[in-house]
Structures are given as structure tokens and as C-alpha cells.
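Student: I would like to go through this model with you, one region at a time. Could we begin with a single residue and work outwards?

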Amino acid sequence: EFAAAVLSPGKGAAFHIQPSTGTLKAFQQLIIEITAYNNMWGDYRDDLVCKVGGLQPKLIPMQMTVKGCPIFLQMTGPQTEQPIISSPLRFGTHVSGGSPVFRRVRLNNPTPFDIRLDWEIYNQEQDDKKLVDLLMFFGDPFPPKDTDENETASIGSTSESEIVLKLDQTAVPCGSIYPAWQTTDEREIVTQEPTIQKIVSVLIRPHEGVPADNPYSITPRQIVVPGGGSISVCISFTPRVLPEAEPEMQCEGFVLGFMNLDDKLAKTVPNKVHRRHGYEAPPLRIDLQAFVRRALLKVDMDHDRGMVFYSTASDLVPDQPLLGVLTDSVMTQSLKLINCTKVPLYFRLLLSTPFSLSSTDLKKSTKTSHSKKEEKEQQPQLVLYPQQNMLVKVSFHTTLELLTYQHLPDTQLLPGFQVLQFENGERKLKFNQNLVIEHSNCTTQV
């Protein structure tokens, strides 16, 4: 509360003197403590006015440099205590090629000035041996933009003059707070000196990452955080599609928010304060971390060769032949699906006749459409959470219709169907098919 009172004039810095007045006895030495308060970066200059009796006031120059980014971050969410982000912003582990994940972050600005942030996103790559980046800019590297990301004219002060706050050498009451500048009723108007506009700028800086727009992104790319207020931004992570030989990938990156001041008085007050901005000021940095894993279920079966069914046509003959021939004979085997990953896996099981799926875990679909596109969607979407398993029953159906397939010409044979002709005249029908596990990221596993 005391620091807030000291900085209440809204100049970004102030000094408190203790004691600010008193009597210096003969041959006495007195130590004056000067405490500097600040909530805004900048190079500050001022004079400490020392008055002794009716003598000419003594001016003691003071200088202070404040560095760093004043903006701090908070996660927004339903939690009662919103944590301040000090470690990397973590997105967790997600399935390769899955849906984007979003995080909302609130930016708090404790300074008295509006700060415009221009965001740049970088990926950190392994074995990156580059040491420095050479950047070249034409004009302002961070021009103000409108809501459609179009450059606009500067929204700062367009006045041809600036107001310089003059130090009042008579306003130093006993025990009072001595601000960095004291305003007077008389304000000195100083014509702004013409400045040389930079056309081409060259910057050399340490190389930390590669500029990129994926897998991380931030919206909006330019935002103004009001002085003494807050505003939210959205950071998203889109899981990449992993190469075939890579089961897991760690995605590390960071976002830099370069601070800019559009108000001329916030940038500089002649002979009092100067504030660097853009690439000259330390940016706000948010480290990002996420993991991507391949959507893969572990399949446990009784045999390594897969699921093999042996059926004979006589299976359609019941124990009591007088009752007629059966239309369907079913053989069933089981397999177990296990989720060994750290993320929930959503998938569908696809299998067509003469095979079928049956399990207590397979819920029936409520869709009634029979189009080819929606016929596939009729298969229920299942979910297996980390370290959970599911028992799936696969059945082979021997029917009278299958027996007629042996007389079909080769042009009408179904995929995976084969007629085996032996020397003794015996025929066997062979059906090959894959049980397809279609994951939610459109990858398949057979």
C-alpha cells in the first residue's frame, strides 16, 4: 500500500527521502536514506534539491535504470486461486494429428501506461547449432495494426509539442513523499525537436529458436494491455502428425511479446526519462511444452499368427437333421485392446462380413442412415483411457450363402476371398480380412 501511494502520480518511478528535513548541528554528520520505487522500465534522471537556510539550493543529480518486463501472467479458469505462471505453459500429452488444444492466459499490467505487445512464436529444435540471428527491418518493425491485422497510423500522440513536468523546488514538505517529478501550475511547453526516422534497421541477437506458426499459435498477434488493467490471449497447440518411425515427440517452443509504447509521453520526457521499446526492450517470454504420441493400442491375442477360424459346411447340419439346415453357424474368439499411452484414445472398430464384432463394451449406434459415408459412422466410437483395457469378441459366420461363393467367376470374387482347389477334388473357401482400428486422428491400425 505504501509503494502504491508513492507511485500514485503515475510516472513509473518515485523517490522517498528520510529524513526530508531537519537541523544539522555543528560538526554533525547525518545520513539521508533515499529509497527508489518503480513499476515501469526506463532510464530515469532527476535532481535531489538540498536547501540549507537561505543559501542557493544544491542540486544533486540522480540516475536510475529499471530493466525487465512488468507484465505478469495468470492462467484463467474455474479454479478459485488462479496460479501465476512461472514454469513452462504445459499442454500435456496428445495424440498425433489430433484436435487443437487451447489455453487462455491473462496478462496483467501493473504500470500506469498502456503497453502494446507484438507476439512472435519460436520452436526449439534439437541439434540446432546456429549461434546468432541477423535481422533486417524496413521502417517500424512493429507497426500498430487494426483488428484485421492491417497496419494503421500510430495511435500515439500526434501533437507537435510535448509537456515537460518541471521540478518544483519549493514543494518539499517535512516527511512528505518526494516523487520523481513535481507538477506545478506552470507547465513548460517545449517544442519537439525533429527526429531522424529510421528507414533500415539491422539487429544481431543470440539465436534461441526458429520462427514458426505451428504447432503453437497465439491470438490476437497484437494486443494492447491497458495500464493498471488486464486482458486475455489464447494460445493453442495443434499436435503434429508423427513420422512412422517416431512413437513420441516433445514439442518445445516459446512466445515473445515485444513491448511497444504508442503514447509519446510514455516513451520519453526530455531530460527526465527515456524508455526503450520493441527489440530494444526485454520482451515478455512464455515457454511452451507439449508431447505428441502416436495413437496405438496394444493388441493381445492367443496366437501370434492372428485370429484363425476353422469351419466346415457340416456345421450347418444340426444334431437333429429333421429340423432342417441351419442358416448360420458362429465361431467366436476374443482379443484384448490395451491403452498403454498417457492419453485417452478414441477409435472405431471396422470389420465386415463374414466376420462380426460383439462385446459388452461395444455400444450399438443410434444412427439409421444407410449412406456409404454414414454407414462407416454407424460404428460406435469407443474410448480407452490410459492403462485401461477392453475385451473384444470377433466372430466368423458360416452361412449357406458363403457356400455359393465357390461357384462365382473370378471377376465377382470379393476382396480377401479365395477358392482353394485340391487334387482330390476337395474345395476350401479362404477369407482374409483385417480388423481395422480407426483412431480419431484418422490414422488406422490393423
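Tutor: Please keep in mind that the model is predicted.

Student: Where is the place of Pro 61?

Tutor: Pro 61 belongs to strand S4, which covers residues 58-66.

Student: And which residues is Pro 61 in contact with, leaving aside its neighbours within four places in sequence?

Tutor: With those neighbours left aside, Pro 61 is in contact with Asp 46 and Asp 47. Asp 47 is 14 residues from Pro 61 along the chain, and their C-alpha atoms are separated by 4.5 Å.

Student: Let us move to Ile 31. Buried or exposed?

Tutor: Ile 31 counts as exposed, because its relative accessibility is 70%. Ile 31 sits in the loop between S1 and S2.

Student: What does Ile 31 touch, not counting residues up to four places away in sequence?

Tutor: On that count, Ile 31 touches Gln 18 and Pro 19. Pro 19 and Ile 31 are twelve residues apart in sequence, with 8.6 Å from C-alpha to C-alpha.

Student: How do S1 and S2 run, and how many bridges join them?

Tutor: S1 and strand S2 (residues 33-38) run antiparallel and are joined by six bridges. Within this pair, Ile 17 stands opposite Ile 34 in S2.

Student: How many residues of S1 are buried?

Tutor: Five of the six residues of S1 (residues 13-18) are buried, and the strand is mostly covered.

Student: Changing topic: which residues touch the most other members in the largest nonpolar core?

Tutor: They are Phe 91, Leu 107, Leu 117 and Trp 119, in a core of 44 residues. Strand S21 (residues 284-293) gives the largest share of this core, with five residues.

Student: Why does this core lie between domain 1 and domain 2?

Tutor: Both domains give residues to the core, so it lies between them; domain 1 is 1-66 and domain 2 is 68-78 + 87-139 + 197-293.

Student: Why is S21 largely enclosed by the rest of the structure?

Tutor: Seven of the ten residues of S21 are buried, so the rest of the structure largely encloses this strand.

Student: Which strand and S21 run parallel?

Tutor: Strand S6 (residues 89-95) runs parallel to S21, and five bridges join the two. In this pairing, Leu 89 has Leu 288 of S21 as its bridge partner.

Student: And which strand and S21 pair in the antiparallel sense?

Tutor: That is strand S18 (residues 248-260), which pairs with S21 over ten bridges. Here Glu 252 stands opposite Gln 289 in S21.

Student: What is the order of the open sheet of four strands?

Tutor: The order is S26-S24-S30-S31, and the pairing is antiparallel. Strand S26 (382-384) and strand S31 (444-445) are at the edges with a single partner strand each, so one side of each has no neighbour in the sheet.

Student: How many bridges pair S24 and S26?

Tutor: Strand S24 (residues 345-350) and S26 pair over three bridges in the antiparallel sense. Tyr 346 has Val 383 in S26 as its bridge partner.

Student: What about Asn 339, buried or exposed?

Tutor: Asn 339 counts as buried, because its relative accessibility is 0%. Asn 339 is in the loop between strand S23 (328-338) and S24.

Student: Which side chain does the side chain of Asn 339 join in a polar contact?

Tutor: The partner is the side chain of Thr 341, in a polar contact of 2.6 Å. The side chain of Asn 339 also reaches the backbone oxygen of Val 343, at 3.0 Å. Not counting residues up to four places away in sequence, Asn 339 touches residues including Leu 297, Leu 345, Leu 384 and Tyr 385.

Student: Finally, how many helices and strands does the protein chain have?

Tutor: The protein chain has four helices and 31 strands. Of its 446 residues, 34% count as buried.

Key
Residues are numbered from 1 along each chain as its sequence is written. This is a predicted model: local features need pLDDT of at least 70, side-chain atom pairs count only at pLDDT 80 or more; totals for chains, interfaces and linings use all residues. Side-chain values use heavy atoms; hydrogens and water are left out. Two strands pair if DSSP finds at least two bridges between them. Buried means under 20% relative accessible area, exposed over 50%, partly exposed in between (1.4 Å probe, protein chains only). A polar contact is a pair of N or O atoms within 3.5 Å; within protein, one must be able to donate a hydrogen and the other to accept it, and residues adjacent in sequence count only if both atoms are side-chain atoms. Contact means heavy atoms within 4.5 Å. A nonpolar core is a set of buried Ala, Val, Leu, Ile, Met, Phe, Trp, Tyr and Cys residues joined through side-chain atoms within 4.5 Å. Domain bounds come from an automatic or database domain assignment.
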